[in-house]
Amino acid sequence: MTQAAISIRNVTKRYASAGRGDPGKLALDDISFDVPQGGIFGLLGPNGAGKSTLINILAGLVGKSSGAVSIWGFDIDNDRRNAKRAIGIVPQEIVFDPFFTPYEVLENQAGFYAVPKDDRRSHDLLSAVHLSDKANAYARTLSGGMKRRLLIAKAMVHSPPVLVLDEPTAGVDVDLRRQLWELVMRLNEEGVTIVLTTHYLEEAEQLCERIAIINHGRLIADTTTRDLIAMAREKIIELALDRPIATAPSHPAFQNSVMVDERTVAITYDKDRMTAGEVMNIVQSTGPAILDVTTREADLEDVFVQLTRPTGQ
Ligand SMILES: Nc1ncnc2c1ncn2[C@@H]1O[C@H](COP(=O)(O)OP(=O)(O)OP(=O)(O)O)[C@@H](O)[C@H]1O
């Protein structure tokens, strides 16, 4: 099997205690998953789930409490230098010295990574993010969208095989979001493994081949986007019947069939495999007539809500 781009094994992070009696926030609780090479991987989770903590661990900014992480096969504890060189991180916050030009920002970063002068590609990177005409403008004069693109170029100066983007499109308008998506897809086509965190399910659905979902520091999903969406293909139909029935009607094509009360049944089915009419015919063939129908379409949002719902609801 090909080695993972990022391998996360039993990673736990407990932040330092704020004082006596405070055990410290458990931000990551025994997380394990792999980011395969070559794809676009989505890391999803509600606010405070632990995504930034995980990214900061990858970036070497936060130390984990236990577990193991390797990036492109390099262990972040035993081979920190190579692990760091294998990853580029685009932070959520835009931070530049306003008096440097985009070209200088990239050259400084290349210097930081000790990229030899002959191997630097600041102009190519500026061109890739459509900022060639701003190469010599002060960073403070760039628009928000230009700054985000510059951050991506900055994360790529040492040509890492893995690029992590932390909420790249939070708060950006639709046009810019599309531009950023195109850039991310192009980098991926050129062979860069991409990891992105996002709150936008639509974004994850369109861009990512695999999705991991973290909630309250725990991994609650790690699967292909296709499989997650397959969960969203379920449709629920609730039928009010003209007489009480003892047990919910069953059928091989029903994914679930439960009594809501003695005269109401809720049936979950795959809308790609059957229609509401067929479901109703099956139920009626068991005896009762249908008085009323309510249907509910599930989508990725539902799957997300379902997975991130506090237990017991
Ligand atoms: N330095 C810290 N000290 C103590 N607790 C922290 C620290 N940083 C984060 N936390 C807590 O750890 C939990 C996870 O936070 P984290 O920032 O990783 O979440 P997130 O998924 O990135 O959220 P968001 O989407 O809002 O960025 C939160 O409860 C947060 O309050």
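Is Ser159 buried, exposed or partly exposed, and how many C-beta neighbours lie inside 10 Å? Ser159 counts as partly exposed, with 14 such neighbours. The classes rest on counts of other C-beta atoms within 10 Å of a residue's own: 20 or more is buried, 12 or fewer is exposed, and partly exposed lies in between, with C-beta atoms placed from the backbone. Ser159 lies in the loop between α5 (144–155) and β7. Its phi is positive, about 50°, although Ser159 is not a glycine. Most residues other than glycine have a negative phi.

The model is predicted; local features need pLDDT of at least 70, side-chain atom pairs count only at pLDDT 80 or more, and totals for chains, interfaces and linings use all residues. Residues are numbered from 1 along each chain as its sequence is written.

The protein chain holds 10 helices and 14 strands. These elements are DSSP runs, numbered from the N terminus: helices are H or I of at least four residues, and strands are E of at least two. The radius of gyration of the chain is 25 Å, well over the 20 Å that the globule rule gives for 313 residues, so the chain is more spread out than a compact globule. The radius is taken over C-alpha atoms, and the rule is 2.2 Å times the number of residues to the power 0.38. The C-alpha trace spans about 80 × 50 × 40 Å along its principal axes. Buried residues make up 33% of the 313 residues.

The domain assignment gives domain 1 (6–229) and domain 2 (234–297). Such bounds come from an automatic or database assignment. The C-alpha centres of the two domains lie 46 Å apart. Contacts were also examined by sequence separation. Two residues are in contact if their C-beta atoms, placed from the backbone, lie within 7 Å. Among contacts between residues at least 6 apart in sequence, 67% join residues at least 24 apart.

Two strands pair if DSSP finds at least two bridges between them. Strands of a sheet pair through backbone hydrogen bonds, either parallel or antiparallel. Strand β1 (residues 6–14) and β2 are joined in the antiparallel sense by 6 bridges. Here Val11 stands opposite Ile31 in β2. Strand β2 also contains Asp30. Asp30 has a phi near 60°, a positive value in a residue other than glycine. Asp30 is partly exposed, with 14 other C-beta atoms within 10 Å.

Ala5 is placed in the segment before β1. It is buried, with 24 other C-beta atoms within 10 Å. Neighbours within four places in sequence aside, Ala5 is in contact with Val35, Pro36, Gln37, Trp72, Pro161, Val162 and Thr193. Ala5 and Ile76 are 71 residues apart in sequence, and their C-alpha atoms are 13 Å apart in space.

Strand β8 (residues 193–198) has 6 of its 6 residues buried, so it is largely enclosed by the rest of the structure. Thr193, Val195 and Thr197 point one way from β8, whereas Ile194, Leu196 and Thr198 point the other way. In a regular strand the side chains alternate between the two faces of the sheet. Strand β3 (residues 40–44) runs parallel to β8 and is joined to it by 5 bridges. In this pair, Gly42 stands opposite Leu196. Strand β7 (residues 162–166) also pairs with β8 in the parallel sense, over 5 bridges. There, Asp166 stands opposite Thr197.

Ile89 is found in strand β6 (residues 87–90). It is buried, with 21 other C-beta atoms within 10 Å. Beyond neighbours within four places in sequence, Ile89 is in contact with Ile55, Leu58, Ala59, Ala155 and Val164. The C-alpha atoms of Ile89 and Tyr103, 14 residues apart along the chain, are separated by 19 Å.

The ligand is surrounded by Tyr15, Lys25, Ala27, Gly45, Asn47, Gly48, Ala49, Gly50, Lys51, Ser52 and Thr53. By class, the shell has 3 nonpolar, 6 polar and 2 charged residues. Ala, Val, Leu, Ile, Met, Phe, Trp, Tyr, Cys and Pro count as nonpolar, Asp, Glu, Lys and Arg as charged, and the others, Gly among them, as polar.

Technical notes:
A residue is near a molecule or strand if its C-beta atom, placed from the backbone, lies within 6 Å of it.
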